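Look at the chain as a whole before turning to its parts.

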Amino acid sequence: MTFKTTDPFFLLKGEIKTLLPNLGAHYDHWEELIQTTNTANNDEFSWTQKELLKGINDVNWYCSKLEITIKKVSENPDHYKIDQEELSKRKKFLKESKKEIKSIQTKMENTKLLAKVNNDKKKLLLEKSKKQKQDNKYQRLDQAIEMDNQRFINEEFQEYDLIEREQNGELDAIHGTITRVKEMGNVIGEEIDEHNKMFDDLSDDMDAAKGKLKSAMKKSKKLLNSKDRGKMCTIFILIIVLIVLLIIVFQ
């Protein structure tokens, strides 16, 4: 195993040398997106900025660890068998790495670039506000239309319910009338039956009276043909009886 593979400086240096070029490429792309797109609603810009900030944090972390190792070596170079020339190279690499990171951070804090990003956010918020107002306008319109429709439906149902109640009342009245007519028909039928019975009885009485009257007339005729006074008296008595019978029958 060689010294370079075990010395933490070279491991940290390798990570930093890998990350720094990527940071430069991310920054160039980040700046281009700011100048050519609306950053507020651009997913590529959001991803690029996220990766750029993450890379800066990673490089700063490796630089801090690298600084610790250099400090330990500086305190006891003989123990680590590192001469002053190698130590100076390590310090120079650390200084240049920090400088490059600082340069990227400074460029990211450019007021023109940050103003463009803020303006993009303001534009997006303004567009959302306008869209929300428009959506609220249409939403209120839809609610008003829905309320009108619901009110119309309720009025129709109320009118239908009123008509139905009126029809039910009329049907109940018709049913009551039919019931009363039926009852009157039954009463009239009973009275007709009773009157028919009375007429039958009267007819029978009339037939009986007619027979009796006919018999009496025959007897009266015989008596009239006779000159007997006794018979004449009998005739008058029979006539009186006949009148009484007629009175009784017709009562």
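Predicted model: local features only at pLDDT ≥ 70, side-chain atom pairs only at ≥ 80, totals over all residues.

**Overall make-up**

The protein chain contains seven helices and zero strands. The chain has 251 residues, and buried residues make up 18% of them. Contacts can also be sorted by how far apart the partners are in sequence. Among contacts between residues at least 6 apart, 69% join residues at least 24 apart.

Helix 3 covers residues 43-75, and helix 5 covers residues 84-108. The table gives the span of each helix from its first C-alpha to its last, beside the expected value.

| Helix | Residues in helix | Span | Expected span at 1.5 Å a residue |
|---|---|---|---|
| Helix 3 | 33 residues | 48 Å | 48 Å |
| Helix 5 | 25 residues | 36 Å | 36 Å |

For helix 3 the span is close to the expected one, and the span of helix 5 is likewise close to its expected value. The N-terminal end of helix 3 is capped by N42, which has a side-chain oxygen 2.9 Å from the backbone nitrogen of E44. The buried residues of helix 3 include F45, L52, I56, V59, Y62, C63 and L66. In helix 5, the buried residues are L87, R90, F93, L94, S97, I101, I104 and M108.

**How helix 2 packs**

Helix 2 runs over residues 8-36. Helix 2 packs against helix 3 at an angle of about 155°, and the two axes are 8 Å apart. Angles over 145 degrees count as roughly antiparallel, so helix 2 and helix 3 are roughly antiparallel to each other. Their crossing is left-handed.

The axes of helix 2 and helix 5 come within 11 Å and cross at roughly 25°. This makes the two helices roughly parallel, because angles under 35 degrees are counted that way. The crossing of helix 2 and helix 5 is left-handed as well. Residues of helix 2 that take part in this meeting include F9, F10, I16, L20, Y27 and W30. On the helix 5 side, R90, F93, S97 and I101 are among them.

Beyond its neighbours within four places in sequence, I16 is in contact with V59, Y62, C63, L66, F93 and S97. The C-alpha atoms of I16 and D58 are 8.5 Å apart, although 42 residues separate the two along the chain.

**Two residues in loops**

T39 sits in the loop between helix 2 and helix 3. With a relative accessible area of 4%, T39 is buried. Its side chain makes a polar contact of 2.8 Å with the side chain of D120. Leaving aside neighbours within four places in sequence, T39 is in contact with L33, I34, F45, V117 and D120.

K81 lies in the loop between helix 4 (77-80) and helix 5. K81 is exposed, and its relative accessible area is 75%. Most residues other than glycine have a negative phi. K81 is not a glycine, yet it has a positive phi of about 60°.

Notes: Residues numbered from 1 in each chain as written. Heavy atoms only, no water. Helix = DSSP H or I, 4+ residues; strand = E, 2+ residues; numbered from the N terminus. Expected span 1.5 Å × (residues − 1). Buried < 20%, exposed > 50% of the residue type's maximum accessible area, 1.4 Å probe, protein only. Polar contact = N/O pair within 3.5 Å; in protein donor to acceptor, adjacent residues only side chain to side chain. Contact = heavy atoms within 4.5 Å. Axes fitted to C-alpha atoms, helices over the stretch in contact; angles between N-to-C directions. Parallel < 35°, antiparallel > 145°, perpendicular 65-115°, else oblique. Left-handed = near helix turned anticlockwise from the far one by under 90°.
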